[in-house]
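Let's take a walk through a protein model together. Have a look at the picture first, and then we'll start with a question.

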Amino acid sequence: MSGSEQDRVQAIYDEFAKNYDDHYASAEFQEEDLALFKIASPWIRGKVLDLGCGTGLTLSYNDINKDAYLGVDPSAGMLEKLAAKFPGFTTVNSTFEQWNEIDKDSKFDTILGLFGAPAYFAKESYAEILQRLTPKGHYFLMFYKPGYFPAHIYTPEDIEAAKARIDYDLINSTFETTFIFTNYLVASNIPKEFLPAR
Ligand SMILES: C[S@@+](CC[C@H](N)C(=O)[O-])C[C@H]1O[C@@H](n2cnc3c(N)ncnc32)[C@H](O)[C@@H]1O
């Protein structure tokens, strides 16, 4: 996305970070988390790259060693919350796209982008995600599904710009399998028999 749109998204998440965990603490969202990790957790193994890691949802639901985890997120506010809950876990305060330019050689066994985070990535970087995966690795990327955007934190203009930017044809052609999970279009290479039916 453009630099100014990215700056706006960062400012929105820096503000939202103050009550992000409280907002998602209700039973309804916890059920959604449990349903998600029922599918994803068996595949979260080895070195884990958590793109748009936010306040550390992945670490709340999975037992991951400190030396096996890297979280990347451009919002310093979100990362502060993660660090307070999970001291000693490594994070990079950067967009995926910027981090990807700098750290070209590292590979990961698991690549996650949970609850909408990949919907913010520039479409030119979709295929780059796969370049970071080890040969037997798995990815689980939750784009916002077509027509959905979290309206409680954005203006209608933000939402229109964001919807115009997400390239669903490219998502479907770049990634192995896609399926709808609640408000998200998940792109993954977890074998189909372990995924909810399309
Ligand atoms: C809806 S939150 C999801 C956070 C976390 N994955 C979770 O499930 O709770 C989306 C996150 O994506 C981050 N984000 C926005 N643009 C990004 C980019 N270009 N690269 C990486 N992360 C980005 C935001 O700062 C925010 O923390």
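## Before we go on

What you see is a predicted model, so to speak of local features we need pLDDT of at least 70, and side-chain atom pairs count only at pLDDT 80 or more, while totals for chains, interfaces and linings use all residues. Residues are numbered from 1 along each chain, as its sequence is written.

## The overall picture

The protein has nine helices and seven strands (DSSP runs, H or I of at least four residues for helices and E of at least two for strands, numbered from the N terminus). Its radius of gyration, taken over C-alpha atoms, is 16 Å, close to the 16 Å that the globule rule (2.2 Å times the number of residues to the power 0.38) gives for 198 residues, so the protein is as compact as a globular protein of that length.

Of the 198 residues, 31% count as buried. A residue is buried if 20 or more other C-beta atoms lie within 10 Å of its own, exposed if 12 or fewer, and partly exposed in between, with C-beta atoms placed from the backbone.

## Strand E7 and its partners

E7 has a neighbour in E5: the two run antiparallel, joined by five bridges. Strand E6 (residues 177-181) also pairs with E7 in the antiparallel sense, over five bridges; strands pair if DSSP finds at least two bridges between them. Here Thr-178 has Ala-187 in E7 as its bridge partner. The hairpin of E6 and E7 has two residues between the strands, and Thr-182 takes a positive phi near 45° there.

Is E7 mostly covered or uncovered? It's mostly covered, with five of its five residues buried. Tyr-184, Val-186 and Ser-188 sit on one side, Leu-185 and Ala-187 on the other.

## The nonpolar core

The largest nonpolar core has 41 residues, and Leu-141 and Phe-143 have the most contacts inside it. Such a core is a set of buried Ala, Val, Leu, Ile, Met, Phe, Trp, Tyr and Cys residues joined through C-beta atoms within 7 Å. The largest share, six residues, comes from E5.

Leaving aside neighbours within four places in sequence, Phe-143 is in contact (C-beta atoms, placed from the backbone, within 7 Å) with residues including Pro-118, Ile-166, Tyr-184 and Leu-185.

## Around the ligand

How many residues surround the ligand? There are 21, and the closest are Gly-52, Gly-54, Thr-95, Phe-115 and Tyr-120.

How values were computed. Two residues are in contact if their C-beta atoms, placed from the backbone, lie within 7 Å. A residue is near a molecule or strand if its C-beta atom, placed from the backbone, lies within 6 Å of it.
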